Amino acid sequence: MKDSIKTIRLKAEWKKYKKKTGATQQGDSKELGWSVSFFGKIINGNNECSAENLVKICNFFDIPPTA
């Protein structure tokens with residue numbers, strides 16, 4: 001299955017955030033109140049990212065939802 005534009009952008013923003021802050025998927029999942037697998041599935045496009053979760057991720061990464 002081809003990744004959606006949203007998934008591609010989320011992956012790119014995650015990589016930038018991780019590089020900038022030294023974050024880990026495990027630590028950030030906990031901060032977001034999610035399991036590691038749930039966050040990973042969103043980042044990899046295996047789970048649909050709801051508008052609510054997208055806003056939560058963008059706020060966490062300190063980026064606008066339009067990014």
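A salt bridge is counted here where a side-chain nitrogen of Lys or Arg lies within 4 Å of a carboxyl oxygen of Asp or Glu. By this criterion the predicted model contains two salt bridges in the whole structure. In one of them, the side chains of Lys 6 and Glu 48 meet at 3.1 Å, N to O. Lys 6 belongs to helix 1, whereas Glu 48 sits in the loop between helix 3 and helix 4, so the pair ties together parts that are 42 residues apart in sequence. Lys 6 is partly exposed, at 31% relative accessible area, and Glu 48 is exposed, at 65%.

A salt bridge also joins the side chains of Glu 13 and Lys 16, with an N to O distance of 3.2 Å. Both residues lie in helix 1, and because they are three residues apart, about one helical turn separates them. An α-helix has 3.6 residues a turn, so residues three or four places apart point the same way. Glu 13 is buried, with a relative accessible area of 15%.

Helix 2 spans residues 25-32 and includes Ser 29. The buried residues of this helix are Asp 28, Ser 29 and Leu 32. They lie on the same side of helix 2, because the arc they cover around the axis is only 105°. Gln 26, Lys 30 and Glu 31 are exposed residues on the face of helix 2 turned away from the buried side. The cover over the buried residues of helix 2 includes helix 1 (5-21), helix 3 (36-43) and helix 4 (51-61). Ser 29 has a relative accessible area of 1% and is therefore buried. Apart from neighbours within four places in sequence, Ser 29 is in contact with Trp 34, Ser 35, Val 36 and Phe 39. Helix 2 is followed by Gly 33, which has a positive phi, near 85°.

The largest nonpolar core has 15 residues, of which Leu 10, Trp 14, Phe 39, Ile 57 and Phe 61 touch the most other members. At least two residues of this core come from each of helix 1, helix 3 and helix 4. Helix 4 supplies the largest share, four residues. In soluble globular proteins, nonpolar side chains tend to be buried together. For Ile 57, the contacts beyond neighbours within four places in sequence are with Leu 10, Trp 34, Phe 39, Ile 42 and Cys 49.

Aromatic side chains were examined next. The whole structure contains eight aromatic pairs. Trp 34 and Phe 38 form an edge-to-face pair, because their planes stand at 75°, with the ring centres 5.2 Å apart. Trp 34 is buried, at 14% relative accessibility, while Phe 38 is partly exposed, at 25%. Trp 34 also pairs with Phe 39 in a tilted arrangement, with 6.0 Å from centre to centre and 40° between the planes. Phe 39 is buried, at 0% relative accessibility. One aromatic cluster is made up of Trp 14, Tyr 17, Trp 34, Phe 38, Phe 39, Phe 60 and Phe 61.

Helix 3 also contains Gly 40, which is buried at 8% relative accessibility. The C-alpha atoms of Gly 40 and Lys 11 are 9.8 Å apart in space, and the two residues are 29 residues apart in sequence.

Cysteine pairing was also considered. A disulfide is a covalent bond between the sulfur atoms of two cysteines. The search of the whole structure finds zero disulfides. For Cys 49, the closest cysteine sulfur is that of Cys 58, at 7.9 Å, which is too far for a bond; the cut-off for a disulfide is 2.5 Å between the sulfur atoms. Cys 49 is buried, with a relative accessible area of 5%, and Cys 58 is buried as well, with 4%.

Conventions
Residues numbered from 1 in each chain as written. Predicted model: local features only at pLDDT ≥ 70, side-chain atom pairs only at ≥ 80, totals over all residues. Heavy atoms only, no water. Buried < 20%, exposed > 50% of the residue type's maximum accessible area, 1.4 Å probe, protein only. Contact = heavy atoms within 4.5 Å. Arc of directions from axis to C-beta. Core = buried A, V, L, I, M, F, W, Y, C linked by side-chain atoms within 4.5 Å. Phe/Tyr/Trp six-rings, centres within 6.5 Å; stacked < 30°, edge-to-face > 60°.
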